[in-house]
Amino acid sequence: MNTLLALLAATFFIFPDGASGTELPSGDEIARRINERDEGLAVSRQVTMEMTEASGKTRIRETQGFRKYYGKEKRTMIFYQSPRSIRGTAFLTYDYPEPEHDDDQWLYLPALRKVRRISAADRGDYFLGTDFTYEDIKLETRVSLKDYHRNTVGESEADGVHCLLLENLPVSQEIAEELGYSKVLQCVDDRIWMVRRAQMWDLKGQPLKTIHFRDIRQVQGIWTPHLIEVVNHKTGHRTRFRFANVDYQAGVEDRIFTQNALKRGWRR
Amino acid sequence: MTVLKTMVAMLLRLGLLWPVVTWAVDMDTSLVMTGQWAFGTDSGSTQTMNGTLQPEIGFSFADGWRFNTSLRLRSEASDGMQPGDTERDAYSPYSKPALLHKTTELALREFFLQGQIGDTLLTIGKQQVVWGKADGLKVLDIVDPQSFREFILEEFDDSRIPLWTLNIERQIGNWDWQLLWIPDPTFHAIPKQGATYAFTSPELVPVAPPGVAVSLENPKRPERPFRDSDVGLRVATFWRGWDITFNYLYQYDNLPVLRQRLTLTGREPAVTITPEYERTHVLGTTFSTAVGDWVIRGEMGYFSRKFFIGMDPTRHHGVVKSPHLHYVLGLDWNGPSNLLFSGQLIQSWMLKHTTRSTRDRLDTTLTLLMRRLFLYDTLTAEVLIIANLNHGDGIVRPKLRYQWLDHLDIWLGADLFFGDRDGVFGQFGNNDRVLAGFESAF
């Protein structure tokens, strides 16, 4: 009895307030809260992509990105601005909410001067030479509700911030193979409902990569990571996305998400 | 890059760019340097060794307009591939590259002003206009002519000849309209006889019987500045997952009609060939869509009349005229791990003719491209195979391209021709080559 009282007392002093002292929210509840977080109707931002090989050799791409929601349909455009060898390359995606409706995607390659229709890439394929998969890019800071069974497995901290540990297990082997992950463990900041760290395991259960969402600040009232870093534990390859000039109120024009805009490119 | 900026600074000091710069709010400059060496495996000697410098300057203005210009300085060390080895009469006076030396030419590649008036986008000046969905070969990508200096082995962006064009684009409802006016009578630049890639196939040039002298006259070019302009219209839309365009072009065919005249010089027969450019109406359509891992794409062009080489040089001046249907159906499959298989069926029909031509009425070509990206997309390995079923000829083009640094790409490749020497590809059966090159861009 004394032991039980001591445990209760310890719990009271260690978790003096908030959710930590109570039952942790369910995995589905955490996922719902993450996806309810305001992302803004539209955003424009400069993204610097740094890809670093294990040897230390780094490639840098400067891009300008736009994203806008049309109801539940999401349209994304990325214009590559440097280096000169790929300047003018642009990538456009129409991402539909219905799972059975494949995304429509186009790529403009300046060397061909043609807009090419490309098939919705395998979700587990890597995006244009980075360590992010197409699915990682598509989700940004959200989580997939349909692909995983979720469990809250504890608490931890990331970059000095308390977070809840959300374990995601693919709903089937087929989905696991599509995504390239057998397990995803996310550390979710329960103050702002944003993933701060995500660890992925490959299909053989080996550690595959870790993504950190850092430099999270409010921009026009919307929580925004300004640095996303991923390291591939198998290859030692790293990718950093640095975000600048993030603007949710700039008024992203509809004509940015067109094939003509792909061809013309974007200039400040 | 520093060199280019210094050049611009010098021009500024001289006052030459001052009017432009005073209005411009942003300026970007770039310089692309390329070099390529190809070794002829049949000839056992260098086939081409060339270098290019392509500086580009762009000015953006506060009202959203921009001005772009780029030059290309190209030097070629090998006989048979030099600027003078390609027919320069194909160019209009205001598009002809300047011949600085036997080995070196300077070409204006871009010189245009682009901006919007209301919802209408205008691009005025020398520019490239690209239509079509086909890879490796052209069906509707015929707005601009091309140089056949290296047959079809050069990148199309390099071989395409930009034209002085008024390009008006506007979105009306769900349709994108593009109207073109091209007062620039420049045509395909064909290698001269004796050049490394001179045409010898009977499908492309008349072949005189042994002992018959052949003389080639200067081409008859259209010379009325306005009436001889080309005009084009394209409307494009995205409908239920399909990208669709409808195209119309009223142009002078970029290939000359080679009319033959048989004469007797003393007792010796002789053939005089007069190249002439003829008008044609082109009606076309393109489409593409994605289904799962597959992309289906195609394009079709109907030419109201096209001129082919006749079997009999005494009938209709050795020319066969026919409406012509040219189309391509393509299927791309994107597999896992950045793997691409892309196949195309390309057919060309002479729809009606009364005399026999040196080519079959139906001509069929198949292409297959296999490409895979490695090392985080820095290494591209690909093989392109083009095969003509009528002649059993074609070309195999393996290539490895590596992005060594952000500013430096290098490549190794080969171009291997096979099949009937009378075929469009087989005619270059002695031109097999291996090659290496680099591109540095700042």
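**View 1. Polar contacts and salt bridges join chain B and chain A.** Between chain B and chain A, 27 residue pairs are in polar contact, both residues at pLDDT 80 or more (a pair of N or O atoms within 3.5 Å; within protein, one must be able to donate a hydrogen and the other to accept it, and residues adjacent in sequence count only if both atoms are side-chain atoms). This is a predicted model, where local features need pLDDT of at least 70 and side-chain atom pairs count only at pLDDT 80 or more, while totals for chains, interfaces and linings use all residues. Residues are numbered from 1 along each chain as its sequence is written, chains are lettered from A and ligands numbered from 1 in the order in which they are written, and side-chain values use heavy atoms, leaving out hydrogens and water. The two chains also share 8 salt bridges (a side-chain nitrogen of Lys or Arg within 4 Å of a carboxyl oxygen of Asp or Glu). In the one between R117(A) and D243(B), the closest N and O atoms are 2.7 Å apart.

**View 2. Here is the interface between chain B and chain A.** On the chain B side, 54 residues are in contact with 42 residues of chain A (heavy atoms within 4.5 Å). About 3,700 Å² is buried between the chains, with carbon and sulfur atoms giving 36% (buried area is the accessible area, with a 1.4 Å probe, that two parts lose on being put together, summed over both). In chain B, F238(B), Y376(B) and D406(B) lose the most area to chain A, together 19% of what that side buries.

**View 3. Aromatic rings pair up, with 27 pairs over all chains.** Rings of Phe, Tyr and Trp (its six-membered ring) pair if their centres lie within 6.5 Å; planes under 30 degrees apart count as stacked, over 60 as edge-to-face and the rest as tilted. Y94(A) and F238(B) form an edge-to-face pair, 5.9 Å centre to centre with 80 degrees between the planes. This pair crosses between chains, from strand β4 of chain A to strand β10 of chain B (strands are DSSP runs of E, at least two residues, numbered from the N terminus).

**View 4. W181(B) and F226(B) form a stacked pair.** Their centres are 5.9 Å apart, with 10 degrees between the planes. W181(B) lies in strand β8 and F226(B) in the loop between β9 and β10, so the pair ties together parts 45 residues apart in sequence.

**View 5. A charge sits over the ring of Y250(B).** The charged end of R279(B) is 4.1 Å from the ring centre (the rule asks for NZ of Lys or CZ of Arg within 6 Å of the ring centre and within 35 degrees of the ring normal).

Note on methods
Helix = DSSP H or I, 4+ residues; strand = E, 2+ residues; numbered from the N terminus.
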